[in-house]
Amino acid sequence: MSRYFTDEHEWVDVEGDTATVGITDYAQEQLGDIVFVEVPEVGSELAQGDDAAVVESVKAASDVYAAVSGEVVEVNEALEDEPGLVNSSAEEDGWFFRLTLSDKDELSDLMDEKAYKAFVDNL
Amino acid sequence: MSENTQNLKQLPLDDWHRGHGARMVPFAGYEMPVQYEGVMAEHIWTRTEAGLFDVSHMGQLQLTGEGAADALERITPGNLSALAPGKIRYTLLLAPGGGILDDLMVTNTGHNLYLVVNGATKHGDIAYLREQLPDSLTLSHLEDAALLALQGPKAEDALAKLGIDPFEPDWPLPTDLYFMEAGPFLWNGIPLGISRSGYTGEDGFEISVPAEHAVTLATALTELEEVRPIGLGARDSLRLEAGLPLYGHDMNADILPVEASLNFALSKARREEGDFAGAERVLAQYPDKAAMKRIGLFVDGRQPVREGATVVNDAGETIGKVTSGGFSPTLQRPIAMAYVPMELSATGTAITVEQRGKKIACTVADMPFVPHNYHRKTKP
């Protein structure tokens, strides 16, 4: 399994044709207490860069964009009752949705862990 | 936030905030602390203990000269000429057409009027006041004073521990003040102006302190176990729960007082006199004849509605708008303020809000959402 990152602070785990998407620990730290996550509908087709989800903190709403294109096959139902999972476990239990990749070449637009770390260190 | 980050001013407590782990953001022309440990924790701390807020961005003004209250009444609807020394009144700065230019606190200090206005509007307010008030009055901007707010059920206990002295031996202590009363005090020889007031719905104090002593005072307060520093994020969620409107969001120059549900700021004597800026337009709406009105909303589900979301009717047409919205840490549910047509403003009315193409069911709610906990002389 490989993990990719975007400059919008999302992570993408790829296993075969399936990608799991969430926001990074850095992102949840910046957003603060998360009170609601609006995830996409299962079956929806996302193109890279589309609005995919919305993260609501006490203070503000933030868009999450589709890091890669594909069809949403599963969403994290646990976030409905426990949106704070994004704060406590952003890069594991706080995942947002899974999609079937429609264009694996798009992964080359993303950063690896080392590049993302360097990106964050420069912010 | 899209505020210009150039030419931002620093608060007297800027280093102190950073040293306490604050995340700083641009607000009202200043770099200000939005949060320290987190909005939710800071919010709950203020509701249960005591929070210290730096509100030094706000404008502290002094209006001095004979007839100051009468003159200020020409552009505000508050009964300021009847304000006794040591008393505070909330009022509105009105444009000639009655639109709200700002909301402010006016204190009769006994020898002049002390005004606290919003940070984002203070320079415009000063220009308007200078233009409208007679030249015989002196308006001073107290730029060398910081303003700290100590808010929460333990604010009184905390302040009592500081060892603040009366300004004169037989004068009252700060803890003798009731809600909307103010006075001068001394702390280790430092002059403090203390008001029993605030913007959280809790009991508490607002303390004007010479800027060069602000760090000493903030440090002494936060060294007390019941006091923690609180950022702008929690200040906003606290005031929203308290039903208190935020200037520039829940009211502006296009909004008249009755529309903003600020009827209480139109005092009876001044309504009868009808001699303030825009009185004809303002009073024509009193008490409930405006076309729209600011109300509170309970939002169904867990997703907050935010400023800018629209209120729609069954046909999907826009009939109002959300002006503030967020998640209430106390109630653990989303709440909002919105403008809706007067006929839909009664408590319990079902309202539909549209946000990012999604319709969200809401219900008109009484404000405050969370009961006020003021230290009143007589319980209402």
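Two residues are taken to be in contact if their C-beta atoms, placed from the backbone, lie within 7 Å. The model is predicted, so that local features need pLDDT of at least 70 and side-chain atom pairs count only at pLDDT 80 or more, while totals for chains, interfaces and linings use all residues. Residues are numbered from 1 along each chain as its sequence is written, and chains are lettered from A, with ligands numbered from 1, in the order in which they are written.

**View 1. Overall build of chain B.** Among contacts in chain B between residues at least 6 apart in sequence, 65% join residues at least 24 apart. The secondary structure of chain B comprises nine helices and 21 strands, where helices (H or I, at least four residues) and strands (E, at least two) are DSSP runs numbered from the N terminus. The radius of gyration of chain B is 21 Å, which agrees with the value near 21 Å that a compact globule of 380 residues would have; this radius is taken over C-alpha atoms, and the globule rule is 2.2 Å times the number of residues to the power 0.38. Along the principal axes, the C-alpha atoms of chain B fill a box of roughly 65 × 50 × 45 Å. Of the 380 residues in chain B, 48% are buried, a residue being called buried if 20 or more other C-beta atoms lie within 10 Å of its own, exposed if 12 or fewer, and partly exposed in between, with C-beta atoms placed from the backbone.

View 2. In chain B, six strands close into a barrel in the order 16-19-18-17-20-21, with antiparallel pairing; two strands pair if DSSP finds at least two bridges between them. From one strand to the next, the twist averages 45°. Helix 7 (residues 232-241) of chain B packs on the sheet, where it touches strand 18 (318-328) and strand 19 (333-341) of chain B, and its direction makes about 120° with that of strand 18 of chain B. Axes are lines fitted to C-alpha atoms, for helices over the stretch in contact, and angles run from 0 to 180 degrees between N-to-C directions. Strand 16 (residues 292-299) and strand 21 (residues 358-365) of chain B run antiparallel and are joined by four bridges, with Ala365(B) in strand 21 as the bridge partner of Gly296(B). In the loop between strand 18 and strand 19 of chain B lies Gln332(B), which has a positive phi of about 55° although it is not a glycine. Gln332(B) is exposed, with 9 other C-beta atoms within 10 Å.

**View 3. The side of chain B that touches chain A.** Here 14 residues of chain B are in contact with nine residues of chain A. Helix 2 (39-48), helix 7 and strand 18 of chain B are the elements that give two or more residues to this side, and helix 7 of chain B gives the most, with three residues. By class, this side of chain B has five nonpolar, six polar and three charged residues; Ala, Val, Leu, Ile, Met, Phe, Trp, Tyr, Cys and Pro count as nonpolar, Asp, Glu, Lys and Arg as charged, and the others, Gly among them, as polar.

**View 4. The open sheet of chain B.** Seven strands of chain B form an open sheet in the order 11-12-13-14-10-4-15, with mixed pairing. Strand 11 (165-166) and strand 15 (227-229) of chain B stand at the edges, each with a single partner strand, so one side of each is left without a neighbour in the sheet. Strand 12 (residues 182-187) and strand 13 (residues 190-195) of chain B pair in the antiparallel sense over six bridges, and Pro184(B) has Gly193(B) in strand 13 as its bridge partner. Asn188(B), in the loop between strand 12 and strand 13 of chain B, has a positive phi of about 50° although it is not a glycine. Asn188(B) is exposed, with 12 other C-beta atoms within 10 Å.

View 5. Strand 6 (residues 88-94) of chain B is mostly covered, five of its seven residues being buried. Strand 6 and strand 7 (residues 100-108) of chain B pair in the antiparallel sense over seven bridges, and Leu93(B) stands opposite Asp102(B) in strand 7. The two strands form a hairpin with five residues between them, and Gly98(B) in the turn has a positive phi of about 95°.
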